[in-house]
Amino acid sequence: MGFRPFVYRVAHEYEVTGWVNNSSRGVFIHAEGAESRLHAFYHRLLVEPPSLARIEKAEWQAVPLEDYSNFTIVESERDEHSDVLISPDVATCQDCLSEIRDFSNRHYHYPFTNCTNCGPRYSIIKDVPYDRGQTTMAPFQMCRDCREEYEDPLDRRFHAQPVACEVCGPIATLIDRQGRILPGLGIDQLAQGSILAVKGIGGFHLVCDAYNREAVQSLRGRKERGAKPFAVMARNLEKLVQEVVVTDEEERLLTGTTAPIVVLKRKVGQLSSLPEDLAPGLNTLGMMLPYTPLHHLLFEGPFDFLVMTSANLNGRPLIYKNEEALAELRGIADFFLVHNRDIYHPCDDSVVQMIGGQTVFHRRARGYVPLPLKASVKVRQPILGAGGELKNAFCLAEGKKAFVSQYIGDMGGYENFMRFQQELDSFQRVVQITPQVIAHDAHPDYQTTRFAHESSWPRIPIQHHHAHLISVLGEQGETEPVLGIICDGTGWGEDGKIWGFEFLWGNAQGYQRKGHLEYLPLPGGDAGAKHPLRIAYAYLKFLMTPNEWEETTSLWKGLSPTERKVLDQQLEKNLHVFQTSSAGRLFDAVSALLGICTHVTYEGQAAIELEAFASQWLDETYEGDMLRTLDWNSVYPVDWSEKDKELILNVRPLFKGLTGDLLQHKDKGRIAFQFHQTIAWAIVETAGRLRVGQGPLVINGGVFQNKLLTEMLLHLCSDRSIEVWRARDLPPGDGGLAYGQILIANEVINNVSSHTRKSCLD
Ligand code: ZN
Ligand code: ZN
Ligand code: FE
C-alpha cells in the first residue's frame with residue numbers, strides 16, 4: 001500500500017542509496033550509507049508506515065557493499081513463495097474525491113479514479129504478485145499522463161496498479177432493458193423513480209431513491225425479497241445522522257477505509273422521514289457512505305439516500321458480470337449502469353454493528369477480505385475449513401496464517417455452491433495456500449460435507465458448536481480449555497439431534513457437552529423454522545399440562561384448524577418431529593407467540609423482529625437506558641435438571657410465566673424485553689453452575705448477533721466479574737465457523753502424527 005514510494009522518500013531523506021522492490025515474499029530493501037543513518041532509516045520505516053500499510057514482520061542483515069550512487073525502485077520479481085498480503089478493496093480517499101470534484105483536474109467526474117491509498121484491490125486480482133498484469137486492469141493501456149504518475153516515485157499514484165483516467169481507463173455505460181445505450185449515469189432515471197442495476201467494486205447493486213416509497217416497494221416486490229431489510233447509502237455523514245443515531249465509534253466505522261454497512265438505530269417517529277418499508281418491523285437501518293467515485297457521482301443527483309442492495313436473485317449468489325446482470329436482472333432493473341473493468345472476486349458489502357463496545361460482523365466481505373487472522377498455533381499441514389451450510393465462508397490456513405473468504409451465501413442453492421467452488425479455486429492463488437486436508441461440518445447432509453466426500457483430500461468432520469467455540473478461542477490466541485456458551489439456530493449434534501443452546505467445555509483438542517437447553521419437539525425440522533407459530537404450538541403443547549394447554553387456545557388464532565390438526569397428529573405420532581435444543585428456535589417461538597412474526601421470509605427474521613420489538617419498548621419506556629430496567633429479580637423463572645451427567649436447562653417455568661403474562665394482556669414489549677433478560681440471566685446462571693475455576697466465558701453463535709441479548713449478558717457478567725470472550729474479527733454466526741474447523745482439524749492431524757511417531761519409536 002504505497003510502501004515502496006514511502007521507502008524511496010525516506011531513503012532520500014536519510015541519504016541512503018540502494019533499491020527497494022516488491023517480491024511475492026515481501027518488500028526487500030538494499031540500503032547503503034553511514035551506519036547511524038541506516039539505523040535511523042530502518043527505524044523510520046517501522047514507526048511511520050503509510051496509513052494503509054501493515055507491517056507483519058521486519059528483519060535486516062548485513063550484506064556486501066555494492067556502491068550504489070542513488071536509490072531506486074526496482075520491478076517486482078516473481079518467485080515461488082509468497083508472504084505478501086493482498087489488500088482488501090479500499091474506499092475512495094479524500095485526495096481522489098477532491099480531484100473528481102475539481103473541474104480543472106484531469107480526473108474530474110471520472111468514475112474509476114483511484115490511487116495508492118484507495119480503490120479496488122482484492123476484487124480485481126487474479127494472482128500474486130500484485131501487479132497490473134495480474135489484475136483485470138491488464139487490458140487497459142495507460143496513457144502518457146497516467147504512466148507518468150504511475151512511474152513517479154513521489155506521486156500519489158506511483159505503482160497504483162488500477163490507475164486510470166478518462167483517456168485510457170474503464171468507462172461506465174448506461175443501458176436500458178432493450179440494450180440501447182443511453183447518455184449519463186442514470187441520475188435522471190433514478191430521480192424519476194426507476195430502479196437501476198449498478199456495477200460496483202465487488203458486484204452489482206440494485207439502486208433506487210430511498211425516499212421514493214413506490215420505488216422501494218416495487219424493488220421489494222420485483223426482488224421477491226419478503227421483509228428483508230435493504231441497505232441504504234447516504235450522501236454524506238451530515239445527512240446520515242438526520243435519520244439514525246451515530247456514536248463516535250460508529251462514525252469511525254462508516255468513514256473508515258473499509259466503509260462497511262453499519263447497522264444503526266433509527267431515529268423515532270417524526271425525526272425519521274425514510275420509509276418504513278426499507279426495513280419492515282425493525283428499529284434499525286443498515287447504512288453506509290459512498291465508497292467509490294461512481295457512488296459519489298450518483299449523489300450529484302437530487303437524492304440524499306439511495307437503496308443499495310446486493311443484486312442477486314432469491315437464494316442465488318451476487319451478480320458481478322455485465323451479461324449476467326443484463327439477463328438475470330431484466331425483470332427487476334429498469335436500467336443498467338455497467339462498466340468494462342471486470343470483477344474477478346465477487347464480494348458483497350460487509351455488514352457490522354457495534355455491540356457491547358465492540359464491532360460485531362453480521363457479514364464479513366468487502367474491505368476486510370483477504371486480510372489474514374493470526375493463527376494462535378502453527379497449522380502444520382495446509383487445511384481447508386469448508387464452513388457451514390448457511391452464510392458460508394471458507395478458510396484456508398497454513399503456518400501461522402488463516403485466511404477466511406468473503407461471505408459466499410447459503411450452500412443449499414446450486415449456484416451458490418458453484419460460487420463456493422469458483423472462489424475456493426481462485427482464493428487459493430491469492431493467498432498461496434493449496435489445501436491437503438479438508439475440515440467440514442459433521443452434518444451428513446450439508447453441501448460442504450458432500451463436497452468433502454467427493455474431494456480427494458483426507459477429510460475431518462467437525463462438530464458444529466465445537467467449531468464455534470474454538471473459533472473464538474483461536475481469535476483470543478488461547479489454547480487452554482474454556483467454558484463456551486454457543487447459541488445458534490441449528491447444528492448437527494453427536495446424538496443426531498439438532499443442537500443450538502450448548503454449554504461446551506473444551507479446546508481444539510476436544511470438548512465435553514456440559515449442559516444444554518432441554519430438547520423440544522420441532523415439527524418439520526430445520527425447514528419448520530419458516531413457521532415459528534407452529535414451533536410455539538409444539539413447544540407449549542409439549543411443556544404444559546393438559547389443563548394449562550386448554551387455557552392457551554386464544555394464542556393459536558394464527559393457525560388454521562387444518563394446520564392444528566396436522567400438527568396434533570404429527571406430535572402425537574412423532575411424525576417428522578425433531579428434537580432440538582436450538583436457541584434460535586426458542587426466540588422464533590416467542591416471537592410468534594407474541595404475534596410479532598409468524599411468517600418468516602428471511603433467515604432469523606422472527607428473532608430479529610423480536611429483538612427490535614423489545615428494544616423499541618426499552619426506547620419508549622426508558623429512553624433506551626437499559627441499566628434502569630435491569631432488575632435481575634424480575635426475570636421469568638427457569639429450572640435445571642441433570643441427565644447423563646449433563647445439566648439441562650428447562651424452560652417450562654419460563655413459558656408458563658410468559659404465556660400467563662400474555663393471556664393477561666400485559667405489555668408485549670415488556671414481555672419481549674423480559675424474555676431477552678431471562679435468556680441472558682439463564683446463560684450466566686447455568687454457566688455459574690458448571691464453571692470450573694474462574695476462567696473466562698466464551699459466547700458465540702449467530703444468536704449473539706442480537707445486540708440487546710449480548711449487552712444484557714455483558715452487564716450481568718461485568719456485575720459478577722466474569723470475563724467474556726467474543727468473536728472479534730469474524731462473525732459470531734456460521735461465517736466464523738471455518739476458522740474453528742481448521743484449528744480443531746489441526747489438532748487431529750497433530751495427534752495422528754504424534755501417534756505415528758510414537759509407534760515408530762516403539
Ligand atoms: Zn485515492
Ligand atoms: Zn490515463
Ligand atoms: Fe451455527
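Modeller: When I say residues meet, or are in contact, I mean heavy atoms within 4.5 Å. Helices here are DSSP runs of H or I with at least four residues, strands are runs of E with at least two, and both are numbered from the N terminus. This is a predicted model, so to speak with its own rules: local features need pLDDT of at least 70 and side-chain atom pairs count only at pLDDT 80 or more, while totals for chains, interfaces and linings use all residues. Residues are numbered from 1 along each chain as its sequence is written, chains are lettered from A and ligands numbered from 1 in the order in which they are written, and side-chain values use heavy atoms, with hydrogens and water left out.

My pick is α17, residues 583-593. Take its contact with α20 to begin with: L586, V590 and L593 in α17 meet F655, L658, T659 and L662 in α20. That contact has 6 nonpolar residues, 1 polar and no charged ones (Ala, Val, Leu, Ile, Met, Phe, Trp, Tyr, Cys and Pro are nonpolar, Asp, Glu, Lys and Arg charged, the others, Gly among them, polar). α20 covers residues 652-663, and its axis comes within 11 Å of the α17 axis, crossing at roughly 20°. Axes here are lines fitted to C-alpha atoms over the stretch in contact, with angles running from 0 to 180 degrees between N-to-C directions. The pair is therefore roughly parallel (angles under 35 degrees count as roughly parallel, 65 to 115 as roughly perpendicular, over 145 as roughly antiparallel and the rest as oblique). The crossing of α17 and α20 is right-handed, meaning the near helix is turned clockwise from the far one by less than a right angle, with anticlockwise giving left-handed.

Now to α14, residues 532-543, whose axis comes within 7 Å of that of α17 at a crossing of roughly 100°. That makes α14 roughly perpendicular to α17. On the α14 side you'll find P532, L533, I535, A536, Y539 and L540, which meet R585, L586, D588, A589, A592 and L593 of α17. By class, this contact holds 10 nonpolar residues, no polar ones and 2 charged. Notice that L586 and L593 turn up both here and in the α20 contact.

Then there's α18, residues 605-622, which packs against α17 at an angle of about 65°, with the axes 8 Å apart. This crossing is left-handed, whereas the one with α20 is right-handed. From α17, F587, D588, V590 and S591 meet A606, A607 and L610 of α18. Sorted by class, the α17 and α18 contact comes to 5 nonpolar, 1 polar and 1 charged.
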